[in-house]
Amino acid sequence: IADSFGEQSPVLHQKANGNGALNGVMSPDVREDYEGNYQFAPIEEAQVSRAMIKRYFDMMYDRAVSDVVIIGAGSAGLSCAYHLGNTQPDLKITIIEANVAPGGGAWLGGQLMSPMVIRKPADRFLDEVGIPYEDEGNFVVVKHAALFTSTLLSKVLSMENVVLFNATSVEDLIILPDPVDLTRQRVAGVVTNWTLVSLNHDTQSCMDPNVITAPVIISSTGHDGPMGAFCAKRLVSTGVVKELGNMRCLDMNRAEPSIVNGTKEVVPGLIMAGMELSEHSGMNRMGPTFGAMMASGKKAAIEAMKILKK
Ligand code: AHZ
């Protein structure tokens, strides 16, 4: 009886609403009037909770088995999701982002400055996504990095096959014997937790994680930092990779092509993209030029397709 608008009791729901509206039917009293008579459709508080809970947990249930998991929604991870989601609409692509705000370091161009520099030919990615820029010859400039990130993010999130869990961290990997060659190890999934939980393992006990399995994991968690280079470091601590290459100093001309050309399946089942690769393979950093992140993301998507077609 207390459940006045549950799925089992539409009659009570009608009564509780007092307006005869069943789920999905708008109240006749709704009015958009900016002269002092703006009228919202009525709602009951728990309806809001249920609207979110149902969708969120349905999404979690569905994506427990995904086709591709992308770890990290920075410029590399989002570029990867864009290319993969666009070209492969049937794939279940699941993005896990530790931060509440997806976008990683791509909300600013460099330091605290907003313009974002992209060396050619990576400007073609901007054309694909529909992001305007100024042409400076060998490079282009987007007037605000947030224009790049928000446009890309909106396109990625509009794709029906892409799901993003933000405020969620990958805190471990699932590594199993490779069914094709039992002497090899294969990354078969990720272990996740809400980031606030991940940050509190030292203060609370028994907050066990969740899992998502997928034949392809793409790690794009950025260079070393509080959360960054996650898979690069975890592969070393599990003994699957011998040692970290460690990111080298800033050299734009060396860094960008090496990151793009080095984007690959670093261990069976796991592709690494973006600046995380510099920690894994010992590549230079490029500082505030973002073309390599877009091209590395796209290359990671192409590599993922190769694995899925095997
Ligand atoms: O929050 C992180 C960020 O959004 C997220 N992330 C890190 N660890 C994670 C984990 N689980 C889930 N364990 C995690 N998410 O990964 C995202 C990484 O984004 P980023 O912008 O830091 O990396 P990127 O490789 O996409 O772009 C790098 C941009 C840089 S750094 C740089 C330099 O230092 O020289 N130059 C450029 C262009």
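**Whole view**

Show everything first. This is a predicted model. The protein has ten helices and 14 strands. Its C-alpha atoms fill a box of roughly 65 × 50 × 40 Å along the principal axes. Of the 310 residues, 38% count as buried. Among contacts with a separation of 6 or more, 69% join residues 24 or more positions apart.

Now colour by pLDDT. The average for the protein is 92, and 92% of the residues score at least 70. For the complex, the predictor gives an ipTM of 0.99 and a pTM of 0.93. Select residues 7-21. There pLDDT stays under 50, and the model has 16 contacts beyond four places in sequence for this stretch. Where pLDDT is low, predicted coordinates should not be read in detail.

**Select α2, residues 45-63**

Check the length of this helix. With 19 residues at 1.5 Å each, α2 should span 27 Å; its end C-alpha atoms are 28 Å apart, which agrees. Is α2 covered or hardly covered? Hardly covered: one of its 19 residues is buried.

**Select α3, residues 75-87**

Here the picture is of a helix that is mostly covered, with eleven of 13 residues buried. The buried residues of α3 run through Ser75, Ala76, Gly77, Leu78, Ser79, Cys80, Ala81, Tyr82, His83, Leu84 and Gly85.

Zoom in on Ser79, which sits in α3. Why does Ser79 count as buried? Because 31 other C-beta atoms lie within 10 Å, where 20 or more are enough. Leaving out residues up to four places away in sequence, Ser79 touches Phe125, Met293, Met294, Gly297 and Lys298. Draw a distance from Ser79 to Val162. The two are 83 residues apart along the chain, and their C-alpha atoms are separated by 13 Å.

**Select the ligand and its shell**

Show the 31 residues around the ligand. Which of them come nearest? They are Gly72, Gly74, Gly104, Gly222 and Gly274. Two elements give two or more residues to this shell: α3 and β7 (168-178). The largest share, three residues, comes from α3. By type, the shell divides into 13 nonpolar, 15 polar and three charged residues.

**Select the annotated binding-site positions**

Ala98 lies in the loop between β2 (93-96) and β3. Ala98 is buried, with 27 other C-beta atoms within 10 Å. Beyond neighbours within four places in sequence, Ala98 is in contact with Thr168, Ser169, Thr195 and Met227.

Now jump to Asp208. It is in the loop between α6 and β9. Buried or exposed? Asp208 is exposed, because 8 other C-beta atoms lie within 10 Å, and 12 or fewer make a residue exposed.

**Stay on that loop: Cys206**

Select Cys206, which is in the loop between α6 (195-198) and β9 (210-213). The unreviewed UniProt entry annotates Cys206 as "modified residue: 2,3-didehydroalanine (Cys)". This residue is exposed, with 5 other C-beta atoms within 10 Å.

**Last stop: Val117**

Move to strand β3, residues 116-119, and select Val117. Val117 has 19 C-beta neighbours inside 10 Å, so it counts as partly exposed. Which residues does Val117 contact, leaving aside neighbours within four places in sequence? Show Gly109, Phe139, Val141, Pro288, Thr289 and Phe290. To finish, draw a distance from Val117 to Asp178. These residues are 61 apart along the chain, and their C-alpha atoms are separated by 41 Å.

Key: Residues numbered from 1 in each chain as written. Predicted model: local features only at pLDDT ≥ 70, side-chain atom pairs only at ≥ 80, totals over all residues. Helix = DSSP H or I, 4+ residues; strand = E, 2+ residues; numbered from the N terminus. Expected span 1.5 Å × (residues − 1). Near = placed C-beta within 6 Å. Nonpolar A, V, L, I, M, F, W, Y, C, P; charged D, E, K, R; others polar. Contact = placed C-beta atoms within 7 Å. UniProt positions renumbered as here; feature names shortened; annotations may be inferred. pLDDT = per-residue confidence, 0-100.
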